[in-house]
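Biologist: I would like to go through this model with you. Could you show it first?

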Amino acid sequence: MTAFIRQEALEKAREIQLKADEEFAIEKSKLVRQETAAIDSLYEKKFKQAAMSQQITRSTLANRTRLRVLSARQELLNDLFQQAREKISNVASKDAKKYQNVLKGLILEGLYALNEDKVSIRARKKDFGAVKKAIEEALKEFKSTVGKEAAAELDEADPLPEGSAGGVFIVGGQGKIEINNTFEERLRLLEIDALPAVRETLFGKNANRKFYD
């Protein structure tokens, strides 16, 4: 009887030990999986952070490089147009006849645009002589082209600043409408209109540009 009880106790003890070992193995496996998942998650998070940091660094460097290139290009364009401003200042003094023809064209353009019976012309004081001749020629061509008379008088009381590069203002609408045909204004408009073509000539086509006028 004692041997039987002892045998039962040993078997019960083995069962308890086996169950304990099994539960330990399960718990151990669970803990290992949890720790492995935590390590994987931490590694993935750090990897993503490193990749994001690298991407931000690349983007920052690319933007800085792009800004430096754009700044250098803009500086070159500014220098180019500044040289043009300096050159147009010499047009009037270099060739008087050519300048008079230019004035005629600028006045004629204003006459066509306003299409009024009478306009006034503003110019630099030192250009008064050339402007008077240009007005006379422009009025003749206007009459020949449009088929009607027009009058234009030089406003000697309100000349353009002597620092102006040249050209004229054509004033109509009883003084309410002004057409700025000075060299400075024409160059400014040229800068706006011709800038895309100048950029393409100097730097080539923009690969990122999808639409063109």
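This is a predicted model: local features need pLDDT of at least 70, side-chain atom pairs count only at pLDDT 80 or more; totals for chains, interfaces and linings use all residues.

Biologist: How many helices and strands does the protein have, and in what order do the elements run?

Modeller: There are five helices and four strands. Starting at the N terminus, the order is α-α-α-β-α-β-β-β-α.

Biologist: What share of the residues is buried?

Modeller: Of the 213 residues in the protein, 23% are buried. The protein exposes about 15800 Å², of which carbon and sulfur atoms supply 55%.

Biologist: And what share of the contacts joins residues at least 24 apart?

Modeller: That share is 73%, taken among contacts between residues at least 6 apart in sequence.

Biologist: Let us turn to helix 3. What span should its 19 residues have?

Modeller: Helix 3 covers residues 96-114, and at 1.5 Å a residue it should span 27 Å. The C-alpha atoms at its ends are 27 Å apart, so the expectation and the model agree.

Biologist: Which residues of helix 3 are buried?

Modeller: The buried residues of helix 3 are Tyr99, Gln100, Leu103, Leu106, Ile107, Leu108, Gly110, Leu111 and Leu114.

Biologist: What happens at the start of helix 3?

Modeller: There, a side-chain oxygen of Asp95 comes to within 3.3 Å of the backbone nitrogen of Lys97.

Biologist: Now the rings. How many aromatic pairs are found in the whole structure?

Modeller: The search finds two aromatic pairs. One of them joins Tyr99 and Phe183 edge-to-face, at 5.8 Å centre to centre with 80° between the planes. Tyr99 belongs to helix 3 and Phe183 to helix 5 (residues 183-203), so this pair ties together parts that are 84 residues apart in sequence.

Biologist: How is the pair of Tyr112 and Phe142 arranged?

Modeller: Tyr112 and Phe142 form a tilted pair, 5.6 Å centre to centre and with 35° between the planes. Tyr112 lies in helix 3 and Phe142 in helix 4 (residues 128-146), so the pair ties together parts 30 residues apart in sequence. Tyr112 is partly exposed at 36% relative accessible area, whereas Phe142 is buried at 1%.

Biologist: A change of topic: where is Arg122, and is it buried or exposed?

Modeller: Arg122 is in strand 1 (residues 118-122). With a relative accessible area of 13%, Arg122 is buried, because the cut-off for that class is under 20%.

Biologist: What does its charged end sit over?

Modeller: The charged end of Arg122 sits over the ring of Phe169, 5.1 Å from the ring centre. The side chain of Arg122 also reaches the backbone oxygen of Asp158 at 3.0 Å. Beyond four places away in sequence, Arg122 touches several residues, among them Asp155, Pro159, Leu160 and Glu178.

Biologist: Finally, the backbone. What phi does Asn115 take?

Modeller: Asn115 is not a glycine, yet it has a positive phi of about 50°. Asn115 lies in the loop between helix 3 and strand 1 and is partly exposed, at 42% relative accessibility.

Biologist: And where is Gln174?

Modeller: Gln174 is in the loop between strand 3 (167-172) and strand 4 (177-182). Gln174 has a positive phi of about 55°, although it is not a glycine, and it is exposed, with a relative accessible area of 81%.

Methods:
Residues are numbered from 1 along each chain as its sequence is written. Side-chain values use heavy atoms; hydrogens and water are left out. Helices (H or I, at least four residues) and strands (E, at least two) are DSSP runs, numbered from the N terminus. The expected span of a helix is 1.5 Å times one less than its number of residues. Buried means under 20% relative accessible area, exposed over 50%, partly exposed in between (1.4 Å probe, protein chains only). A polar contact is a pair of N or O atoms within 3.5 Å; within protein, one must be able to donate a hydrogen and the other to accept it, and residues adjacent in sequence count only if both atoms are side-chain atoms. Rings of Phe, Tyr and Trp (its six-membered ring) pair if their centres lie within 6.5 Å; planes under 30 degrees apart count as stacked, over 60 as edge-to-face and the rest as tilted. A charge sits over a ring if NZ of Lys or CZ of Arg is within 6 Å of the ring centre and within 35 degrees of the ring normal. Contact means heavy atoms within 4.5 Å. Accessible areas come from the Shrake-Rupley method with a 1.4 Å probe; for residues, only the protein chains shown count as cover.
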